[in-house]
Amino acid sequence: LVVVISFLLAYLSMRNFQEAPAYAEADYGLFLIRKTLNLTPMLLADFHQKMIKENLIISFERLFKGRESTLVIFAPRKIIQSYILVLDLVELEDYTDVDSQKVLVFQMGVKQKGLKGNLGDFFAEFPILNADESVFWQLILHAKREGEFEILPRVVFSAKDKSFQNLSGGFLHKVPQPFSNDQLFKFYKTRTYAHEAHNLNLKADEVLNLILLKSS
């Protein structure tokens, strides 16, 4: 009985475990992408080859403030050096020094593993932001052998309109989590990754739609 209980406790602990990529083993940086039109499925496929070779993780993040938005990437410098000119990259200071009490954080995913569909309805539900409001959209990418990316999406809201708390549409939904808002925001800030049943498995062109918030 003791063995069974110990196994169940260990299983529950592992089920709720979030992995922090070994960033200490690779020199990571945050970069502004100024030539977003040069971010193509072919370029993402090139990323995939380099990521899977060294088991590295990268994060694409869309930052919205009012009606303005930017696209940044958090990635190992030894990978990103090859794309400085083509993407017109500029290294940035981290932007996540925000009071966790003033934001809401959600982890997104699919209700059923392998499910795909149209993203248009989901993105139509994004709130219209005032000048002092912001949304952070994070996609942490892990390269899979099949040529696909396994993706863990998170979204951070700092807005007065609370209607977005029920954000869902298409195949992408808010995923119930056993973590507090503070914990989820810490995961966002540290770009923490976990293999979960709700994660998306997408090809390069589908990943690009998520990064650019375009309908598939």
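**Reading the buried side of a helix and its surroundings**

User: Which residues of helix α5 (residues 181-189) are buried, and how should I read their placement around the axis?

Analyst: In this predicted model, the buried residues of α5 are Leu 184, Phe 185, Phe 187 and Tyr 188. They lie on the same side of α5, because the arc they cover around the axis is only 155°. The general idea is that an α-helix has 3.6 residues a turn, so residues three or four places apart point the same way.

User: Against which strands do the buried residues of α5 pack?

Analyst: The buried residues of α5 pack against β2, β5 (104-109), β6 and β7 (149-158).

User: How should I read strand β2, and how many of its nine residues are buried?

Analyst: As a general idea, the side chains of a regular strand alternate between the two faces of the sheet. In this structure, strand β2 (residues 57-65) is mostly covered, with eight of its nine residues buried. β2 runs antiparallel to β6, to which nine bridges join it, and within β6 it is Phe 136 that stands opposite Leu 63. β2 also pairs in the antiparallel sense with strand β3 (residues 68-76), over seven bridges, and there Phe 64 has Ser 69 as its bridge partner. The hairpin of β2 and β3 has two residues between the strands, and in it Gly 66 takes a positive phi near 60°.

User: Where does Ser 134 sit, and what does it touch?

Analyst: Ser 134 is placed in strand β6 (residues 134-143). Ser 134 counts as buried because its relative accessibility is 13%, which falls under the 20% cut-off. Leaving out residues up to four places away in sequence, Ser 134 touches Phe 64, Lys 65, Leu 129, Val 156, Phe 157 and Ser 158. Between Ser 134 and Ala 159 there are 6.4 Å in space, C-alpha to C-alpha, although the two are 25 residues apart in sequence.

User: How many aromatic pairs does the structure hold, and is the pair of Tyr 28 and Phe 74 stacked or tilted?

Analyst: The structure holds eight aromatic pairs. That of Tyr 28 and Phe 74 is stacked, at 5.1 Å centre to centre and with 25° between the planes. It links distant parts of the chain, since Tyr 28 belongs to strand β1 (residues 28-33) and Phe 74 to strand β3, 46 residues apart. Tyr 28 is buried, with a relative accessible area of 12%, and Phe 74 is buried with a relative accessible area of 12%. Phe 106 and Phe 157, by contrast, form a tilted pair, 6.2 Å centre to centre and with 55° between the planes. The charged end of Lys 174 sits over the ring of Phe 106, 4.4 Å from its centre.

User: Where should I hold back, and over which residues is the pLDDT below 50?

Analyst: The protein averages a pLDDT of 79, and 75% of the residues score at least 70. Over residues 1-17, however, the pLDDT is below 50, and this stretch has three contacts in the model beyond near neighbours in sequence. The general rule is that where pLDDT is low, the predicted coordinates should not be read in detail.

Note on methods
Residues numbered from 1 in each chain as written. Predicted model: local features only at pLDDT ≥ 70, side-chain atom pairs only at ≥ 80, totals over all residues. Heavy atoms only, no water. Helix = DSSP H or I, 4+ residues; strand = E, 2+ residues; numbered from the N terminus. Buried < 20%, exposed > 50% of the residue type's maximum accessible area, 1.4 Å probe, protein only. Contact = heavy atoms within 4.5 Å. Pairing = 2+ DSSP bridges. pLDDT = per-residue confidence, 0-100. Arc of directions from axis to C-beta. Phe/Tyr/Trp six-rings, centres within 6.5 Å; stacked < 30°, edge-to-face > 60°. Lys NZ or Arg CZ within 6 Å of the ring centre and 35° of its normal.
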